Amino acid sequence: MHLAYPAVLAALLFCVGLYGVLARRNAILVLMSVELMLNAVNLNLVAFDVWLRDTLHAGQALTLFVIAIAAAEIGIGLAIVLMVYRNGGTSDVDRLRDTAEADGAAASDETSTSDDEKAEATA
């Protein structure tokens with residue numbers, strides 16, 4: 001089997017995952033797209049390990065580490081998405097960014113008013 005077949009499949013998977021990360025608004029779909037990209041990397045690691053006929057099978061061992069990291073990423077990512085959904089009522093990535101910017105502006109307004117109050121109290 002030629003190396004080109006799995007390499008082209010991995011490139012297509014990675015491109016689909018990259019498109020999903022850049023174009024999707026739903027946080028769960030973004031996490032699924034990241035998983036697609038990691039699976040494309042795993043496919044390349046195993047394909048090059050077989051093609052190079054590595055006696056230590058380093059590509060396959062590294063693939064197991066990538067799978068473990070992907071499982072941890074999904075677990076933590078879904079926990080964060082569920083917590084944000086409970087608090088905000090949406091998992092839309094754009095709205096999450098807008099609420100974070102709005103919270104930062106509100107916090108800066110509160111600090112400026114408290115500084116004014118401190119200045120009046122000392123005067």
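**Notes on the predicted model**

1. Alanine 70 counts as buried, because its relative accessibility is 7% and the cut-off for buried is under 20%. Keep in mind throughout that this is a predicted model. Alanine 70 sits in helix H3. Leave aside residues up to four places away in sequence, and alanine 70 touches Glu35 and Leu38. Leucine 31 is 39 residues from alanine 70 in sequence, yet the two C-alpha atoms are 9.9 Å apart in space.

2. Now the overall layout. The protein chain has 4 helices and 0 strands. Along the sequence the pattern reads α-α-α-α. Of the 123 residues in the protein chain, 19% are buried. The accessible surface is about 8,900 Å². Carbon and sulfur atoms account for 68% of that surface.

3. What share of the contacts joins residues at least 24 apart, among those between residues at least 6 apart in sequence? The share is 56% in the protein chain.

4. Next, helix pairs. Two packed helices are described by the angle between their axes and by the distance between those axes. Take H1 (residues 4–23) and H2 (residues 27–52): their axes come within 8 Å and cross at roughly 160°. H1 and H2 are therefore roughly antiparallel, since angles over 145 degrees fall in that class. Their crossing is left-handed.

5. Which residues form the contact of H1 with H2? On the H1 side they are Pro6, Ala7, Leu9, Ala10, Leu13, Phe14, Val16, Gly17, Leu18, Gly20 and Val21. On the H2 side they are Val30, Ser33, Val34, Leu36, Met37, Ala40, Leu43, Asn44 and Ala47. By class, this contact holds 16 nonpolar residues, 4 polar and no charged.

6. H2 also pairs with H3 (residues 58–88). The axes of H2 and H3 come within 9 Å and cross at roughly 175°. That angle makes H2 roughly antiparallel to H3. The contact of H2 with H3 divides into 16 nonpolar, 5 polar and 3 charged residues.

7. The loop between H2 and H3 deserves a look at its backbone. Most residues other than glycine have a negative phi. Arginine 53, in this loop, has a positive phi near 55°. Histidine 57 is found in the loop between H2 and H3 too, and its phi is positive at about 55° although it is not a glycine.

8. Histidine 57 counts as partly exposed, with 40% relative accessibility.

9. Last, helix H4 (residues 93–122), where aspartate 94 is found. Aspartate 94 has 22% relative accessibility and counts as partly exposed, because the buried class requires under 20%. Where does asparagine 26 lie relative to aspartate 94? The two are 68 residues apart in sequence, and their C-alpha atoms are 8.8 Å apart in space.

Methods: Residues numbered from 1 in each chain as written. Predicted model: local features only at pLDDT ≥ 70, side-chain atom pairs only at ≥ 80, totals over all residues. Heavy atoms only, no water. Axes fitted to C-alpha atoms, helices over the stretch in contact; angles between N-to-C directions. Helix = DSSP H or I, 4+ residues; strand = E, 2+ residues; numbered from the N terminus. Parallel < 35°, antiparallel > 145°, perpendicular 65-115°, else oblique. Left-handed = near helix turned anticlockwise from the far one by under 90°. Contact = heavy atoms within 4.5 Å. Nonpolar A, V, L, I, M, F, W, Y, C, P; charged D, E, K, R; others polar. Buried < 20%, exposed > 50% of the residue type's maximum accessible area, 1.4 Å probe, protein only. Areas by Shrake-Rupley, 256 points an atom, 1.4 Å probe, with all protein chains shown as cover.
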